[in-house]
Amino acid sequence: MKSFVKAAKILVLVNGFCLSLAAQQMDKPDSLDKHCHLKEIAVTASADSSNALLKFYKANKTTSTEDILARLPGVNMVRRGSYGMEPTIRGFSSSQINLTLDGMKIFGACTDHMDPPTSYIETSNLQSIQLANSEGGSMFGSSIGGSLNLKLAEAKLSSEKKLRGSVGSSYYSVSNSTNNVMQVNYGTPKMGIRLSGVYRNAGNYRAGNRTLIPFTQYEKFNLNLLSKFKLSQRSFLRADVITDDGWNIGYAALPMDVAFAKARIFSFTYKSYLKNGSSYWEAKLYKNKIKHSMDDTHRADVNMHMDMPGWSDTYGAYAETMFNLKKHHITLRTDGYKNTSRAEMTMYPENSSPMFMLTWPDVRRFVAGLYISDEWRAKDAVTLNFSTRIDYANFFINSESGREQVRVFNFNVDKPSEKVLTNFNSSLRFNLSRLFYSSISAGYSSRLPATNEMFGFYLFNSFDGFDYIGNPEAKSERALNAEVNVGYKSSKIDINASGFYNHIADYLIGETNSSLSVMTPGAKGVKQWSNLPYASLKGFELTLNALIHKRITLISNTRYVYGQDNSGKALPMMSPLKIISTARYSKSKYSIQWDNECSLAQKRINVDMNEMVTKGFMINNLRTSYIVKPGRNAVELNAGIENMFNRNYSEHLDWAKLLRPGRNFYAAFSAAF
Amino acid sequence: MKTLTLYAIAITMAMAVISCKKNDQTDPESKTELLKIANGYALGAAAKVELYAKTDLKTGFNEIYVAVFDSISGSRINSGEIALKPIMQMLMNGAAMSHSAPSENPESAQAINGLFPAAAVFTMPSSGESGKWFIEVTVKNNTNNKQGKASIPVSVSDGTEPRVLTVTSLINSEKYIVSYIEPITPKVGVNDFEILINRKTDGMTYPPANNLSVQITPEMPDMGHGSPNNINPVFIKNGHYKGKVNFTMTGLWEINLTLKDETGQLIRNDAFFKVTF
């Protein structure tokens, strides 16, 4: 199964890697999770020959989820501060991809995308990241740009030592930040409880030109309580609670910061493995509540104070099963969720009445869908995959005051609006020889317009300086996706090249509406979300993973995307060609690693979006690690220099050309027990 | 003597009870909750006149409901010609002066649910002895053809925002009285907007100004922005103009008015109503 797509399985150490070995023995069926036919970056506990890859993705145990995501082939992060970066895949924005946490839908509560769901999950809590571009891309929901599922760690049962855990801490000089992580697992043969916490405290960082970048500070505390109960030999019940609290978060590229961002995520999961061990069925009930509040009280140039809180509550459930039927591997999934999103803005002019409006007017969204996939091993060298998803969606504005507000634009929102989405994908993989393989895939996909795109009310976008208004009549984007892969895989070298092309009909973009007057003082005008006839996204990725000497590993990935609209204009927020490479030398307890990140300039810009040319850059990092004490009670030290040559740079997806951190010295330690 | 005192007390108490009752009473036959404002007698018509309104009288446009009773039998008069005229009596430097204000007489000689709906525009608040409002109600009882007039003192206070504007024409210095009718309870969203415009021919005569063209431009002075898709008020009848005003948020709004005459000549474009909610 996993051989079907290039299963970029990269093993990454997480805290407490020691306890999993024991747990895996008796908890065998769990490892089947990884056999999901998605392109998967597995963050597992075992240390093996892929250890270099792990180091590539994780500088140390306190590395953030965003740092890891940024290194995945095809993923680029939109950055507005040093917190809450938003993932994009192959030029598809966060609204065009499907983002789930352990299969759960979760929507940020910020109208300005300051709280992507990925910001609520820490790596200490992450088992794997499932990134799917084409096949499998609609397993967790309809999307045109693929899906990203963050698979959460589980509490471990244990037949040996009951109590295990780890602690880790790191210091970053550039932002005077500390990151602390701890994790404890208590396991018996019948049940396991896992408590983990991460506390981060970062100050403002200095850019490469030594200037202090104000409003890049943040503080956060993430606490998780996971539990797992063995109901029978093959069935388990999990009850998980994740809490994440961020506060005093600077967003240097935006006119406002964040006072707090709170996430409360609850889930119950039942999982039962069938006799042959490779089949299972799973059901989950979940609920998550996000509260977010923007803050302008620390900004000097505020002529009118504003409060901008937002709420997003999601309830959902899914049931899925995977099983084999002769040469077919079948996946069935049915899921549904209900989300309500509300965001307010209150402005306080001096000596006058407060002004209040709903920037998200109590939007209720109900979506239910069915996914079916068949992976058919037609011949030894040929595998075919068909998958399809159908979703029913229902939108309604829950409050009369919300509906009244939308009527100002002459939209009729008295009744719920409905949409039906369909997704198909088929692919063919064949092994050309024992080492060479190739695959092609083609599909049709569609996605729902996001809350902003349908119901946003005078949302100021500081990127282009326009107020944005939603369009309740926005059509669903639909895409034709095609991808070609060729690869070579031997015991020492793994090379893959993929090329993709996406034709997107009804591409959603803000179009200037000159008949509307701006709401935000200083805004350049008003844009309303509308559908372009079409747009296209094409590009390629190259990945290389080579053992060039018994002690030296080389890993590199190259990504490129080219986007244009129907008139040939460049689409905004397209990352230029970027190459990330790592070479690592390791000898028993020591390792030394060199990272190189190289990006070309982006000169294809979208002037309507106020995009500016971004210069190319190259930065280098040096990382070292020393295992003081190996084994189960490992103690490890890490130290390194990031942006060694103190380059002054920003990436194309960084808002307002916000400078990235300059030279950073870091040191970290971790210990397991 | 003792019995007389008892009588006196009884009568006083009875009167107190009756008057109390009457003051708090809402008209039994009206369907909406109305407040009794004042009452008086139209002597020649042998009629008792009671005035009702939805709230206490405020400067600006007020709907006034007139109930008329036969002053002898006490029975309600449902058919009659009722005319209404607000009069302000002022003392200016010791000299008594008076003027009127725009008003609207009941459209029909038949009462609706026992009441004759009318309206009056008060252009200023009452101010003690130096400025008193009266409502002159002329009653012609259709059953006996008797006619008389009641002059009923009323008290008018200022609302939170001015609801009546005096606009002096740039064309001929003629004065227009522009009264705000709707929205009474403004909300974020689409609101019905209605105004009444009267022409002041002299201090006592205010005929409705028909056939003007009216444009509205709502604006938030604290933000400097407006709102989209407003519908300019158009002439309905008797000086009434109706349109739609859109508010995109709560707070202080100014509804700017541009008035033009029937030939398209600008009368004035600097008058505005303030709306805060």
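Five residue pairs make polar contact across the interface between domain 1 of chain B and domain 2 of chain B, with both partners at pLDDT 80 or more. That cut-off on confidence is there because this is a predicted model. Strand 5 of chain B brings the largest share, with three residues. Sort that side of domain 1 by class and you get six nonpolar, five polar and three charged residues.

Let's step back to see what is being joined. Domain 1 of chain B runs over 30-154, and domain 2 over 164-276. Going by C-alpha atoms, their centres lie 27 Å apart. Where the two touch, domain 1 puts in 14 residues and domain 2 puts in 13.

How much area do domain 1 and domain 2 of chain B bury between them? It comes to about 1000 Å², and 65% of that is on carbon and sulfur atoms. Three residues stand out on the domain 1 side: Phe61(B), Pro102(B) and Glu104(B) together supply 42% of the area that domain 1 buries against domain 2, more than any other three residues.

One salt bridge is found across the interface of domain 1 and domain 2 of chain B. If you look for Lys237(B) and Glu107(B), you'll see their side chains paired in a salt bridge, at 3.3 Å from N to O.

Methods. Residues are numbered from 1 along each chain as its sequence is written. Chains are lettered from A and ligands numbered from 1 in the order in which they are written. This is a predicted model: local features need pLDDT of at least 70, side-chain atom pairs count only at pLDDT 80 or more; totals for chains, interfaces and linings use all residues. Side-chain values use heavy atoms; hydrogens and water are left out. Domain bounds come from an automatic or database domain assignment. Contact means heavy atoms within 4.5 Å. Buried area is the accessible area (1.4 Å probe) that two parts lose on being put together, summed over both. A salt bridge is a side-chain nitrogen of Lys or Arg within 4 Å of a carboxyl oxygen of Asp or Glu. A polar contact is a pair of N or O atoms within 3.5 Å; within protein, one must be able to donate a hydrogen and the other to accept it, and residues adjacent in sequence count only if both atoms are side-chain atoms. Helices (H or I, at least four residues) and strands (E, at least two) are DSSP runs, numbered from the N terminus. Ala, Val, Leu, Ile, Met, Phe, Trp, Tyr, Cys and Pro count as nonpolar, Asp, Glu, Lys and Arg as charged, and the others, Gly among them, as polar.
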